[in-house]
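Here are my notes on this model, as numbered points. Please read them with the structure open.

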Amino acid sequence: MPETLQTTDVAKSDADLLDHTAIAVRAAGSALRERFGAVVRYETREELMSALAVNDDAALDILRPRLSQLRPDAGWVEDELDGGALPSGEWWVVDPAEGNVNHLHALPEWAVTATLVRENRPVLTVVHLPLTGETYTALAGAGAHLDGRPLHVSHTADLGLSIVATSQARPDEDEEVVRRVGASITVMLFDALVVRTSVPATLHLANVAAGRTDAFWQFAGARADLLPGALLVTEAGGRISDAEGRPWTPESNSFLAAAPGVHAEAVATLSG
């Protein structure tokens, strides 16, 4: 499939739409890859925010017109820190540079993501890692894939043998959430085999979907860093809930994705 879109291209099905979305996301990833290399220096919060915005804009200049062409009536969400339910209808939830701060520091853990949400349920998602060329995709009811190969969560059935991960939802989080994150890491250090802590959340969730990591949790999550991975993990056979085991929605104040064999143990650890 050529990596271009014609102005007359209109997706006739969700599967077709997923293919075209992947084209747009890979194109945006190429623009960010060209900007990747040396550490970007900044001395103030204003300089940091400006550098982050430059990366976001480089990707959005490609993503917004292409995705809007595919679904002209869909709403648009690009603030990666927004949370909560969306209004009725279809929405593009986009993180143009997931792990943007890593990009600025010449660290490899970053991606470009785009998710179509319909009536507050993710319908399709694309997560592209420009440095490796990998593209994760998921379509509701049709499975999750990495470059066309089916994904499945791990078969691990013992939290004590599990690699688990968590992520910081946003900078400047309130004290209660920060203390809850710290306490959860402490209990997981006792109960799990290995605990990984880093950003961005989407890459941890891709690892859960691929069976490399057994569980991921986060508090006070935002839509853009959880919806793509939630669909990937669900379509790969994993379980999604909040940290207490209740059904997860974008309005929940916690998030847990895990292989079925360790989900209950992870809930017990996080809520105990």
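1. Start with strand β3, residues 111–118. Seven of its eight residues are buried, so β3 is largely enclosed by the rest of the structure. Keep in mind that this is a predicted model.

2. On one pairing, β3 meets strand β2, residues 90–98. The two strands are antiparallel and share seven bridges.

3. Look at the turn next. β3 and β4 make a hairpin, with two residues between the strands. E119 sits in that turn and has a positive phi of about 50 degrees.

4. Now the helices. Helix α1 spans residues 14–35 and helix α2 spans residues 45–70. Their axes come within 9 Å and cross at roughly 160 degrees. Angles over 145 degrees count as roughly antiparallel, and the crossing therefore makes α1 roughly antiparallel to α2. The crossing is right-handed.

5. Which residues of α1 and α2 make the contact? From α1 come L17, H20, T21, I23, A24, V25, A27, A28, A31, L32 and R35. From α2 come V54, N55, A58, A59, I62, L63, R66, L67 and L70. By class, the contact residues divide into 15 nonpolar, three polar and two charged.

Terms used
Residues numbered from 1 in each chain as written. Predicted model: local features only at pLDDT ≥ 70, side-chain atom pairs only at ≥ 80, totals over all residues. Heavy atoms only, no water. Axes fitted to C-alpha atoms, helices over the stretch in contact; angles between N-to-C directions. Helix = DSSP H or I, 4+ residues; strand = E, 2+ residues; numbered from the N terminus. Parallel < 35°, antiparallel > 145°, perpendicular 65-115°, else oblique. Left-handed = near helix turned anticlockwise from the far one by under 90°. Contact = heavy atoms within 4.5 Å. Nonpolar A, V, L, I, M, F, W, Y, C, P; charged D, E, K, R; others polar. Buried < 20%, exposed > 50% of the residue type's maximum accessible area, 1.4 Å probe, protein only. Pairing = 2+ DSSP bridges.
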